[in-house]
Amino acid sequence: MRRLSFDSIVATVLLLFGGALFWDTFQWRRTPYATMASSVWPRFVLLVFFALCVIYLIRSLRRGTAGETKRTFVEWIAHYRNPLWCYGLFLLFLLTMPYLGMLVGGILFVWGVQATVGERTARAHLRHGAIAIGSVGFMWLVFTYAIGVILPAGSLVHI
Amino acid sequence: MQYLDHVIAAFGAVFELKNLILMTVGVVAGLIAGAIPGFTIAMAIVLTLPFTFGMPPVEGLSTMLGVFVGGLSGGLMSAVLTGIPGTPSAVATTFDGFTMARAGKPGLALGIGVWSSFFGGLLSAVLLSVLAPQLARIGLEFGPWDFFSLVAFALTIAASLSDEDLLKGLIAGVFGILVACFGEDQVNGVARFSFGVDALEQGFAFLPLLVGLFAFSQLMSDVRDPGSATEALSERGAAGVKIEHLSAIKAIFERWGIWLRSSLIGVFVGVLPAAGSSISNILAYDQAKKSSRHPEKFGTGIPDGIVASESANNATAGGALITMMALGIPGDAVTAVMLGALLIHDIAPSPTFISTQPQLAYAIIVAFFLAHFIMVACQSFSLRLFVLIMRVPLYVLAAVILAYCAIGVFSLNNVDFDLWTLLIFGIVGYVMVRLGFPLTPMILGVVLGPVAEVNLSRSFATSSDLTLFVTRHWSLFFIILAVFSLIYPWFQRARGRKKWTLGYAPALAITLALPLFLMGGWVRPILAFVLLIFGIGLIWRRGRDGWKLEAGDLEGARLHQG
């Protein structure tokens, strides 16, 4: 069986995404005002989006997989290892923010990114820790005391 | 007299000590960010926004203008010293700047770059102060139909000039408009695309979205390769380099023709909605080479190439500000960010902006002028800082900047959902770039989508007649431009190879003459007549030559594609 190209998969995902949005336009509240209805513009834009995505799908099916690098799942993970680590750590940072707060969570995030993407020696970990504490601590002080922003405190650490 | 009062008041606001300090910090930050390969000017500006949020509009905008001007000039430092352009706006600077530096004249190469940026920026600032009020006056003639068509033109040109394929550019632009539809609509206040999620009822905040698209995704692209992420940015030293100011100024004065032409190209490209300095520097270099008596010397380290590229990229900033201030349409991705910043301060640029907010409008112009002087003064200091920062591994910078993005984004509205917006669009931006979708059309879609919707709604409220979109002169003018900008990618690809491309420019000139003729008065019909004569003249000349393809066309097309 012939493998689908990346572009074909992306075009299909975009068409499904557009379909979900189009379906949602029928759920909106109708207003009794003498103005253009709220759904007119999004539906018009979605129709243009559909047309473009269909052209994109047809073009990608015609072109096939020529020029694409074939990677196994493991190779793909290895190729995008660093961004995946960063996104994963940022997600963890957001999920733990109610408990750790911006300061502690931020320090752990910066240290985590350096530890996973950068060097992994004991000395490097210490240096990464110092950079994390220094940089996030400095930014936290500037935003809290100089700009007057109340950054989220963690329920576990209370800062 | 009133004009003078506004200018004096603007000078007073911009020359306040606090503002000067903020601008200097902004310029230095811009110089450094622009100099670091992989960091873009748009990214530097969005990272500045959280600091400017609590400032009065003049201070906030002056700081961002400092970053903008600094960023445009900073790109040349790494272009000259390492051969890697710090920003796409300095790509053409590497052709001769790096070669000259390797030939033992890094100080002269830097000096020519710095002073070309300075003079190019100053010329564009003069044109900004003269042209923006005139363009705003023209903008007052626009009805909702004309604004809608102008937005359509801005989006099509953004898609066609985005260096990727047109289809992906258009999809990115339309996707941006869809993203802007999330949340309450401006006309009726109905929550759209919320899918029952409370946080989505307000839609995505503009700035977290921008930071996600431009900063987060860019940083992920920078650290993707484990090898380059752990290396210092550059070990190639420049510690001993001193900028040669006097000989650089002399070299530019000897090439004033190149400087003038390149600056005008820069302003013109900047005025075009969505076309930025990444295009103007290449275009100006190409034109300088074509009109040179010794084109074979370009790329061997001659001053001409540096003058062309650097004066054009800084001049583009002034051009982009003209469109933003006069019409409320961003000239490029960076001015799109600045437009968002103005909206945060409850200021919406439109044709009435200069007349209703003259002090702020002239403060922007004065700050843009002043930023160039600060840029020259800070260049040597920034060079030393740049050398220090280049020793830091990229992953350390990326980690620290990501944390800063999170803190900065949260501080804008104190809303947790903004951090999720940052993550979502950090992923969306990265995936789009990896799949070859350009980000500039998307961001213009986000900015211009609501403008288009509001004007469409207004036009329907005024009249149900759809033919007004083609019978109103300005609307027709922009629709013609939109159609030609849609064809442009094919023209660019076929230029120098297919005969039909010889008809592109004459056809554009002749069709544009039609709405200009219909506009009445005497200036516009004269312009239309000039365009008509130009178009017919081109046809006659090409017909006389037997519709032969010119060698220069192919070379130009190659340079643009490369």
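**Chain contacts and beyond**

Modeller: Between chain B and chain A the count is one salt bridge. Bear in mind that this is a predicted model.

Biologist: Which residues form that salt bridge between B:Lys168 and its partner's chain, and how far apart are the closest N and O atoms?

Modeller: B:Lys168 pairs with A:Asp7, and their closest N and O atoms are 3.4 Å apart. There are also 11 residue pairs in polar contact between chain B and chain A, both residues being at pLDDT 80 or more.

Biologist: Switching to helices. What's going on with α4 (residues 81-117) of chain A?

Modeller: Helix α4 of chain A has 37 residues, but its end C-alpha atoms are only 9 Å apart, while a straight helix would reach 54 Å at 1.5 Å a residue. There's a kink of about 115 degrees in α4(A), centred on A:Gly101.

Biologist: And α15 of chain B, how does its span work out?

Modeller: Helix α15 (residues 333-344) of chain B has 12 residues, which should span 16 Å at 1.5 Å a residue, and its end C-alpha atoms are 17 Å apart, so the two agree.

Biologist: Is α15(B) mostly covered or mostly open?

Modeller: Mostly covered: 10 of its 12 residues are buried. B:Met338 and B:Gly340 are among the buried ones. What covers them includes α14 (303-327) and α17 (358-389) of chain B. After α15(B) comes B:Asp346, which has a positive phi, near 60 degrees.

Biologist: Where does B:Ser124 sit, and why does B:Ser124 count as buried?

Modeller: B:Ser124 is in helix α6 (residues 106-139) of chain B. Its relative accessibility is 1%, so B:Ser124 counts as buried. Leaving out residues up to four places away in sequence, B:Ser124 touches B:Val267, B:Asn314, B:Ala315, B:Gly318 and B:Phe368.

Biologist: What about B:Ala132?

Modeller: B:Ala132 is in helix α6 of chain B too. B:Ala132 is at 0% relative accessibility, so it counts as buried. Its contacts, again leaving out residues up to four places away, are B:Leu127, B:Ile322, B:Ala326 and B:Ile354.

Biologist: Back to charges. How many salt bridges are there over all chains?

Modeller: A search of the whole structure finds 10. One joins the side chains of B:Lys18 and B:Glu59, at 3.3 Å from N to O. B:Lys18 lies in helix α2 (residues 17-35) of chain B and B:Glu59 in helix α4 of chain B, so this pair ties together parts that are 41 residues apart in sequence.

Biologist: And B:Lys290 with B:Asp286, how far apart are they in helix α13?

Modeller: They're four residues apart in helix α13 (residues 277-290) of chain B, which means about one helical turn separates them. B:Lys290 is partly exposed at 36% relative accessibility, whereas B:Asp286 is buried at 3%.

Key: Residues numbered from 1 in each chain as written. Chains lettered and ligands numbered in written order. Predicted model: local features only at pLDDT ≥ 70, side-chain atom pairs only at ≥ 80, totals over all residues. Heavy atoms only, no water. Helix = DSSP H or I, 4+ residues; strand = E, 2+ residues; numbered from the N terminus. Buried < 20%, exposed > 50% of the residue type's maximum accessible area, 1.4 Å probe, protein only. Contact = heavy atoms within 4.5 Å. Expected span 1.5 Å × (residues − 1). Bend = angle between axes of the 7 residues up to and from the residue. Salt bridge = Lys/Arg side-chain N within 4 Å of Asp/Glu carboxyl O. Polar contact = N/O pair within 3.5 Å; in protein donor to acceptor, adjacent residues only side chain to side chain.
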